[in-house]
Amino acid sequence: MEICVGAPRHTSPRRHHRARIAHRASRPWALDTRVVMAMAMTMATAATAATARARGDGRAPQDALAKKSRTSLGRRCTVARAASSANNAKGKLERIDGLLSRCGYCARSEVKGFLRAHEVVALEAPVTSASAKARAEDVCIDGQPLDNPNGVLVVMNKPSGLVCSHDAREGANVYALLPERWRARKPSVETVGRLDKDTTGLLLFTDVGALNHTLTSPKKDIGKWYRVRVDKEIPQACVEVFASGTLTLEGETKACKPARCEILGPYEARLELTEGKYHQVKRMFAFFDCTVIELHRESFGVLNLGSLKPGEYTTLPLDFDFAA
Ligand code: URA
């Protein structure tokens, strides 16, 4: 397992004691049932509408969930600033070749062939020329509306053994689990931060750069909870040290932001981070000579995995409010 060495031991326990524990607004971890339900509903409808379409197989991974509810969708979604910089201003006229290649249907050079092979209509009028202009929301392909023309936001339950990198030399990656059409989108769909190859759990993807930036910014203070299993007994002191905001990891100039830690058992804990330094959880526990042997991200803000099984994913509205 690739583990980075922890911070040097020069940060003495006494110093930690003296360190003022930075105060931060407490955001309750436990999701209230309504939030989970809202999440389930959001995921459900998004799944039926987009994932099935994008997969081209007519089935979303969350079909059962989808049937459950079609009500009060998006109630908890407020318009996030980043969502306003989605990939296409609503209502804008666009060339059909640009639109189709942007949404991953085909390369620009293949548009003529695509138009011959598929029924593409704009406001019910057939589109036969690559240079024709239309509004994304008016376009249908083989009877289906365009696949998320303003961008996608996807949540996946990442299985172990896949890297969050496009570099084939690093091995099999999480992108391979996404539909081909999403992988062909421009701008490209990217993970929101990264999870290590052996880490499992909640992983987000988006092709909206501004949204990606917002969600990864430590300034946004979005808490992500990790469940950790280590090889040695977890010292109680780590709760205070992690919360203190004084722990500086090796090679870093800035201390880790205060992080809540709950010890669940001798070898198990939950840790909430509001930032994403390289191998951060593993390096924080390595400071206490604990090697992380299992790491699972349980949640991202108010979002948890619901019933998503490893390898499954679904879409979320671009304005999903993670801080709700
Ligand atoms: N911290 C880690 O050490 N690894 C991850 O994958 C995520 C957070």
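## A tour from the fold to the ligand

Among contacts in the protein with a separation of 6 or more, 70% join residues 24 or more positions apart; two residues are in contact if their C-beta atoms, placed from the backbone, lie within 7 Å. This is a predicted model, in which local features need pLDDT of at least 70 and side-chain atom pairs count only at pLDDT 80 or more, while totals for chains, interfaces and linings use all residues. Residues are numbered from 1 along each chain as its sequence is written.

Begin with the whole protein, which has 9 helices and 15 strands. These elements are DSSP runs numbered from the N terminus (helices: H or I, at least four residues; strands: E, at least two). Of the 324 residues, 39% count as buried, a term that requires 20 or more other C-beta atoms within 10 Å of the residue's own, with C-beta atoms placed from the backbone.

Next, select strand 7, residues 153–158, where 6 of 6 residues are buried. Leu-153, Val-155 and Asn-157 point one way from the strand, and Val-154, Met-156 and Lys-158 point the other way.

Strand 9 (residues 199–206) pairs with strand 7 in the antiparallel sense over 6 bridges, and Gly-201 in strand 9 is the bridge partner of Lys-158. Strand 15 (residues 313–316) also pairs with strand 7 in the antiparallel sense, over 4 bridges; here Thr-315 is the bridge partner of Val-154.

Of its 33 residues, Leu-153, Val-154, Val-155, Met-156, Leu-204 and Tyr-313 touch the most other members. Strand 7, strand 9, helix 7 (209–216) and strand 15 each give two or more residues to this core. Apart from it lies another core, of 24 residues, including Cys-238, Ala-259, Met-284 and Ala-286.

Centre on Leu-204: beyond its neighbours within four places in sequence, this residue is in contact with Leu-153, Val-154, Val-155, Val-192, Leu-215 and Phe-300.

Finally, select the ligand. Around the ligand are Leu-195, Asp-196, Thr-199, His-279, Gln-280, Val-281, Lys-282 and Leu-295, each counted as near if its C-beta atom, placed from the backbone, lies within 6 Å of the molecule. Helix 9 (residues 280–286) gives the most to this shell, with 3 residues.

How values were computed: Buried ≥ 20, exposed ≤ 12 C-beta atoms within 10 Å, placed from the backbone. Pairing = 2+ DSSP bridges. Core = buried A, V, L, I, M, F, W, Y, C linked by C-beta atoms within 7 Å.
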